[in-house]
Amino acid sequence: MNPLESLTDAVVRGDRREAVRLTSEQIDGGSPPKEILAALVAGMDTVGDRFQRNEAFVPEMLIAARAMTESMAVLEPLLAAQGIRPEHTAVIGTVQGDLHDIGKNLVAMMWRGAHFNVVDLGTNVAAEDFVNAAKDHGADIIGLSALLTTTMPAMRQTVQSIREAGLHAKVIVGGAPITAEFADSIGADAFAPDAATGVDIARKLVSA
Ligand code: B1M
């Protein structure tokens with residue numbers, strides 16, 4: 001395994017100390033920051049693929065995302081100095097009335113792992129706050145999460161407000177009670193059943 005492959009492997013294993021050590025070693029050794037970033041993103045992609053095949057579960061995703069986040073903290077100043085910034089911005093939140101955030105946080109982490117700029121609005125987010133944040137940050141993607149059947153109408157309302165505001169951002173929805181049929185019925189652009197699929201869909205939508 002070459003050092004960049006070892007870095008990918010450290011992220012996959014969720015070994016944050018090793019991931020940070022290898023990231024620093026690569027920086028000190030003069031590796032191009034884009035290649036280091038690609039090795040980190042490859043690690044999250046691998047964990048995402050395993051999750052989709054039921055070979056990895058939420059804890060593995062969380063520890064891999066933590067290793068990625070800590071390595072990114074070391075790498076980011078270098079990326080910024082070279083003008084390498086995330087090309088796409090995603091605004092995400094849990095809809096109004098809903099305080100569940102574990103799944104939403106997972107999606108946010110995976111999007112960061114795919115090198116999106118993620119603006120996390122938290123939980124209990126009003127429709128107008130999604131609209132304002134998407135405008136302020138020039139969002140390409142808006143992610144809505146809902147875990148309660150009683151907050152599904154708030155998701156519908158939020159999509160309606162986004163459409164009325166004429167935003168160009170694509171809307172991805174998810175959460176335990178959400179289905180592809182419901183997503184369709186409220187006019188969302190896509191439904192993601194899990195965080196890993198959320199990455200695939202976000203990538204597809206921004207490159208479409
Ligand atoms: Co709540 N709760 N809860 N709860 N809670 C559920 C959702 C419930 C199914 C439990 C049950 O009764 N069996 C039930 C909802 C029933 C229904 O609506 N039909 C329920 C209820 C009723 C409630 C309260 C009303 C209870 C009460 O007070 N009487 C209350 C509501 C509070 C509120 O929100 N206003 C409440 C409160 C809470 C806690 C605060 C105690 C806690 C939340 C802590 C937190 O989030 N910080 C909590 C928890 C933990 C749960 C359960 C046990 C677990 C949810 C979870 O985090 N799952 C849940 C029962 C269950 O699901 N087994 C339950 C793990 C997480 C990784 O999965 O969020 O589904 P999930 O995310 C998945 C996918 O859905 C997807 O990706 C993730 C996986 O990769 N995904 C997206 C999610 N968002 C996405 C967005 C995307 C794409 C994919 O794109 C943007």
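Here's a short tour of this predicted model, from its ligand to its nonpolar cores. Residues are numbered from 1 along each chain as its sequence is written. Local features need pLDDT of at least 70 and side-chain atom pairs 80 or more, while totals for chains, interfaces and linings use all residues; side-chain values use heavy atoms, without hydrogens and water.

**Stop 1: the cobalt.** Select H100, in the loop between strand 1 and helix 5 (helices are DSSP runs of H or I, at least four residues; strands are E runs, at least two; both are numbered from the N terminus). Its NE2 atom is the only protein donor of the ligand's cobalt, at 2.2 Å (donors are N, O and S atoms within 2.8 Å of the metal, or 3.2 Å for Na, K and Ca; water is not among the atoms, so sites may look incomplete).

**Stop 2: around the ligand.** Now show the 25 residues that surround the ligand (a heavy atom within 4 Å). Helix 5 gives the largest share, four residues. Click S145: an N or O atom in its side chain is 2.7 Å from a ligand nitrogen. Then try A195, where a polar backbone atom is 2.9 Å from a ligand oxygen.

**Stop 3: the cores.** Select W111, I141 and I172, which have the most contacts inside the largest nonpolar core, of 43 residues. Such a core is a set of buried Ala, Val, Leu, Ile, Met, Phe, Trp, Tyr and Cys residues joined through side-chain atoms within 4.5 Å; buried means under 20% relative accessible area (1.4 Å probe, protein chains only). Domain 1 (3-81) and domain 2 (89-207) both contribute residues, so this core lies between them (bounds come from an automatic or database domain assignment). Apart from it is another core of 26 residues, including A133 and M152.

Technical notes
Buried means under 20% relative accessible area, exposed over 50%, partly exposed in between (1.4 Å probe, protein chains only). A polar contact is a pair of N or O atoms within 3.5 Å; within protein, one must be able to donate a hydrogen and the other to accept it, and residues adjacent in sequence count only if both atoms are side-chain atoms.
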